[in-house]
Amino acid sequence: MSDKARWAGRGQHLQGPDCWNLKQKGLLLLMAAPLMAWGQIPTPQTPTTSNPFIHSPNSSSPSETSDDDDARKDLASCHIHRVTSLPGSHQFASDFIETIASDPDPNANDPDVIWGLTADLSGAVPPQNQAMYISKSTNGGATWTPIARVDSRYFDAKIGEGLRNGLSVSPGGTYFVLTTQRGAFQISPQPNTSEPLVNRILGPLVPYTPPRIPIPKKAGEPVRANVVEMTADGRHLILGYGYFDLDPQIFRYHKDKNGSWIEDGPLPRLPTDMDILSMQFDDSKKLDPGYLYVGTGDQVYLLNLHTMRWSRIDGVGSDSAIHGMSVVGGLHLAACWGVYNPSGPGTVRRVTKETFLLHRSTDEAGSNLRAYSIEVDSSQPKREVVTSLTGVYISADGGENWRRLNDLPQEEFRTAHFNSDGTILVSGIAGTFLINPFSDACAPHLKTRDK
């Protein structure tokens, strides 16, 4: 079976307009989990400094300046620019950035410094070279430098790894929190990219009493960590755990004087037993956020961090897996059944008049888009971008009208990021691309024919 077929088997668990009841689908996902690998199943490996697929961040790269110049030329001439400097083998899906993160510090010097997480787990890559990479870009994603290689001791490629991992950045980017099937870890880069300092963050373990749903983990093993949020001062952390076992859990942590994460205890139990798929503070730049949004396999919930009481966001359809969210200008949602925009305090409305492409083979269109992420331009909040199973869509009027970007490869896209100049970084299984769809020079124009 090819890598792409494996991706389809493990990534299509929430089908666009054909989304199943998430509890039923979770059962099938669990039964299929041992088969959901990218390729050969790796065994834990000791990090090696002689990996042919990576280079030291201290080594000079003659092509970096050239790549940056090429990106500027492509964008200026209204062409999409393919990003080629991500680390790894460049085999199937290794150029897909599954998580893009930025500095939470509101006083960060450069808004175009971002970090990305990639997973090089193709069956064409020898097991000892399979890894996850944290990379840094100082030019909005045009070029990347790997800063930490995370080897297979800290993830489990047998259980759908490399598709939904979390990444949070400390102020200044001195360390990172990574979530995997084996729990949560603090990753501190070192001069040797292949040997970062990795510290486990203690979390829940699989109970010795039988779980409500059989899972491919043994009693006493770490429960999968999935979502993570860090406060802007880097002192507090919230981590979500769960593996489609109908037992989602969220824990709070604080950093002690020695730099270790200390568990403060669980947050109040969610009003659902569905898995946690997304999470954001109401304002990621506030040192003391007041609310926490949590997207699950069925709904969106809001936790008041002062009263510790949950409420449900109004307007979300039933069984809507909330893959992604943005809080710029209000709550925006990317869901299994479509796209939602804010309509008032604690409420959203679903985009229903738009006709998104649903199935390429039949040219079927409708509003039931299977969306993975939604991002809003903080400098111009009416600009939005959605990544989905059938491509990338943009809106310039606050989500009233949408346009599909047909110049991108005909594949599914998962993540997106707005740069300060209005360009957008988008990534999916076809790779990573820089686009400039809101440029006046690149906007489509109609010409009248002379009579």
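Modeller: The model is predicted. In it, the side chains of Asp275 and Arg224 meet in a salt bridge, with 2.5 Å from N to O.

Colleague: Why is the contact of Asp275 and Arg224 called a salt bridge?

Modeller: The cut-off is an Arg or Lys side-chain nitrogen within 4 Å of an Asp or Glu carboxyl oxygen. The pair Asp275 and Arg224 has an N to O distance of 2.5 Å, so the label applies.

Colleague: What makes this pair a tie between separate parts of the sequence?

Modeller: Asp275 lies in the loop between strands S13 (261–266) and S14 (276–281), and Arg224 in the loop between S9 (197–201) and S10 (225–230), so the parts tied together are 51 residues apart in sequence.

Colleague: Are Asp275 and Arg224 buried or exposed?

Modeller: Buried means under 20% relative accessible area. Asp275 has 4%, so it counts as buried. Arg224 has 8% and therefore counts as buried.

Colleague: Why is Arg349 called partly exposed?

Modeller: Partly exposed covers what falls between buried, under 20%, and exposed, over 50%. Arg349 has a relative accessibility of 33%, so it belongs there. Glu400, at 34%, is likewise partly exposed. The side chains of Arg349 and Glu400 meet in a salt bridge of 2.9 Å, N to O. Arg349 lies in strand S21 and Glu400 in the loop between S26 (391–395) and S27 (403–404), so this pair ties together parts 51 residues apart in sequence.

Colleague: What makes S18 and S21 edge strands?

Modeller: Four strands form an open, antiparallel sheet in the order S18-S19-S20-S21. S18 (322–326) and S21 (347–350) each pair on one side only, and these are the edge strands.

Colleague: How do you know that S20 and S21 pair?

Modeller: Pairing needs at least two bridges. Four bridges join S20 (residues 339–344) to S21, so the two count as paired, and they run antiparallel. Pro342 stands opposite Val348 in S21.

Colleague: Why is Ala335 called buried?

Modeller: The relative accessible area of Ala335 is 0%, and the limit is under 20%, so Ala335 is buried. Ala335 lies in strand S19 (residues 332–335). Beyond its neighbours within four places in sequence, Ala335 has contacts including Ile322, Tyr340 and Leu369.

Colleague: Why is S4 described as largely enclosed?

Modeller: Six of the seven residues of S4 (residues 131–137) are buried, so the rest of the structure largely encloses this strand. Seven bridges join S3 (residues 114–120) to S4, and five bridges pair S4 with S5 (residues 145–150).

Methods. Residues numbered from 1 in each chain as written. Predicted model: local features only at pLDDT ≥ 70, side-chain atom pairs only at ≥ 80, totals over all residues. Heavy atoms only, no water. Buried < 20%, exposed > 50% of the residue type's maximum accessible area, 1.4 Å probe, protein only. Contact = heavy atoms within 4.5 Å.
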